[in-house]
Amino acid sequence: MTSTARLPDAQGRGGRDETPEERADRRWTDLLQELRVAQTGVQILFGFLLAVVFQPRFGELSDTDRTIYVVTVMLGSATAAALIGPVSYHRLLTGRRLKPQTVAWASRMTVLGLVLLFCTMCSALLLILRVALHNSVALWLVGAMALWFLICWFVFPAWALARSSSVRGK
C-alpha cells in the first residue's frame, strides 16, 4: 500500500494529494507533451539538413561552410537522439516499477536535448546566413538570435524559478 503525500505548490501551500507513483505518471505525461513539440521541430530541421547535401549548390560551398554543415548535421543527430531517447528509456523500463527514476532520467535527457537543439539551431542559422549574406553580419545576427534563444529557453525559466523561491522564502 502506498502513502499519499501532500506536495507543496509554488507558493509553499499544500499541493496535490498524490502518491509518488501518481506524481511520476503526471510528470511523465507532462514530459511527453513537451517532447512532442520539440521532437517535431527537430525531425523537420534534421530532414532539411539531410537533404541539403543533395542540392546542386552544395558543391559550391566553401570549406568553412561545409565544415559548419557537417557540425550542424552531427548536432542535429545528437539532438534527435537526446529528444527521442526518453521514449526508448521509458519503453525498455516499463513494468519494472522504476517510473520515478525513468521520469528523472528522461527529464535530464530532455534538458540535454534542448541544449543540443540550441546549438543545432545556431549552427544551422550560421550556415544559412553565411550563404545568404556573404559577410560578417551573419555572425552578429546569429549571436543576437542565440541570445534570444537563451533568454526564451533558459533565462526566463530560471528567473521564474528564482522569483518563485524568493516568494516562498518570505
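In this predicted model, helices are DSSP runs of at least four residues, numbered from the N terminus.

**View 1. Helix α3 and the residue that follows.** Let's start with helix α3, which covers residues 99-133. Its 35 residues reach 49 Å from the first C-alpha to the last, close to the 51 Å expected at 1.5 Å a residue. Just after α3 comes H134, with a positive phi of about 55°.

**View 2. The largest nonpolar core.** Here you can look into a core of 16 residues, the largest nonpolar one. Y69, V73, F118, C122 and V142 have the most contacts inside this core. Two or more residues come from each of α1 (20-52), α2 (63-93), α3 and α4. Helix α3 gives the largest share, five residues.

**View 3. A nonpolar patch on the surface.** Now for the outside: M145, W148, L150, V155 and F156 form a nonpolar patch on the surface. Together, these five side chains' residues have about 450 Å² of accessible area. One of them, L150, is found in helix α4, which spans residues 137-169. L150 counts as partly exposed because its relative accessible area is 33%, and partly exposed means between the 20% limit for buried and the 50% limit for exposed.

Key
Residues are numbered from 1 along each chain as its sequence is written. This is a predicted model: local features need pLDDT of at least 70, side-chain atom pairs count only at pLDDT 80 or more; totals for chains, interfaces and linings use all residues. Side-chain values use heavy atoms; hydrogens and water are left out. Patches are made of residues with over 30% relative accessible area and no salt bridge: like charges are joined within 9 Å, nonpolar side chains (Val, Leu, Ile, Met, Phe, Trp, Tyr) within 5 Å. Accessible areas come from the Shrake-Rupley method with a 1.4 Å probe; for residues, only the protein chains shown count as cover. A salt bridge is a side-chain nitrogen of Lys or Arg within 4 Å of a carboxyl oxygen of Asp or Glu. Buried means under 20% relative accessible area, exposed over 50%, partly exposed in between (1.4 Å probe, protein chains only). The expected span of a helix is 1.5 Å times one less than its number of residues. A nonpolar core is a set of buried Ala, Val, Leu, Ile, Met, Phe, Trp, Tyr and Cys residues joined through side-chain atoms within 4.5 Å.
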